[in-house]
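Good morning, everyone, and thank you for making time for this. Please have a look at the sequence and the model on the screen, and then I will walk you through a few parts of it.

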Amino acid sequence: MTAAGRRQKPFDTLVVMALSRLGRDRNRVGAALDELHEAGVAIWEYQTGQEVKLDTSQDRFVASVGAFADEAYLEKVAKSTSEGLHRKAKHGHFTGQRTYGYTSVQVGEHYERRIDPAESAVVLRVFGLCAAGEGDGRIAEQVNADKIPSPAG
């Protein structure tokens with residue numbers, strides 16, 4: 001997008017939900033804002049209804065503080081999400097990622113993994129081949145030759 005703003009200027013206004021949509025940290029957001037501003041592209045945040053100005057040092061400071069606040073918020077969300085997933089996994093609860101050899105079963109308000117008998121036979125076979133010295137490529141060839149479906153089906 002910033003490269004497009006430098007070439008032939010295909011747009012003169014960019015509307016974003018928030019500055020955080022321009023990058024995941026304040027340095028990337030700042031770089032994107034600088035490039036777009038230098039290209040003459042107006043930037044608007046529709047959450048606030050405000051244009052992001054960079055004309056004065058005060059404007060740049062306000063944009064920088066907004067980018068910092070967005071970065072801090074994203075860090076907090078990532079930490080909370082990670083802690084929640086670790087807590088669920090520690091209690092044996094399913095955390096959402098499909099794992100071959102297991103199925104998810106609802107137990108009360110959460111999900112737990114249970115061994116899938118059909119898939120567990122494939123898992124045991126793969127580990128056996130590995131223990132026998134077969135490499136990943138050979139194991140994959142054998143599993144594919146037997147038309148065993150992938151985890152995604």
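Let me begin with charged pairs: the structure holds six salt bridges, where a salt bridge is a side-chain nitrogen of Lys or Arg within 4 Å of a carboxyl oxygen of Asp or Glu. Before I go through some of them, please keep in mind that this is a predicted model, in which local features need pLDDT of at least 70 and side-chain atom pairs count only at pLDDT 80 or more, while totals for chains, interfaces and linings use all residues. Residues are numbered from 1 along each chain as its sequence is written, and side-chain values use heavy atoms, with hydrogens and water left out.

One of the salt bridges joins Glu71 and Arg26, with the closest N and O atoms 2.8 Å apart. Because Glu71 lies in helix α3 and Arg26 in helix α2, this pair ties together parts that are 45 residues apart in sequence; helices (H or I, at least four residues) and strands (E, at least two) are DSSP runs, numbered from the N terminus. Glu71 is buried at 13% relative accessibility, whereas Arg26 is partly exposed at 39%; buried means under 20% relative accessible area, exposed over 50%, and partly exposed in between, with a 1.4 Å probe and protein chains only.

A second pair to look at is Arg114 and Glu112, whose closest N and O atoms are 2.9 Å apart in a salt bridge. Glu112 sits in strand β5 and is buried, with a relative accessible area of 18%, while Arg114 is partly exposed at 35%. The side chain of Glu112 also makes a polar contact of 2.8 Å with the side chain of His110, a polar contact being a pair of N or O atoms within 3.5 Å, where within protein one must be able to donate a hydrogen and the other to accept it, and residues adjacent in sequence count only if both atoms are side-chain atoms.

What does strand β5 pair with? Strands β4 and β5 pair in the antiparallel sense over six bridges, and two strands are said to pair if DSSP finds at least two bridges between them. The two strands form a hairpin with two residues between them, and Gly108 in the turn has a positive phi of about 65°.

From there we can move on to helix α4, which covers residues 117-131 and reaches 21 Å from its first C-alpha to its last, close to the 21 Å expected at 1.5 Å a residue; the expected span is 1.5 Å times one less than the number of residues. At the start of α4, a side-chain oxygen of Asp116 comes to within 3.1 Å of the backbone nitrogen of Ala118. Glu119, Ser120, Val122 and Leu129 are buried in this helix, and its buried residues pack against β4, β5 and α5.

Methods: Contact = heavy atoms within 4.5 Å.
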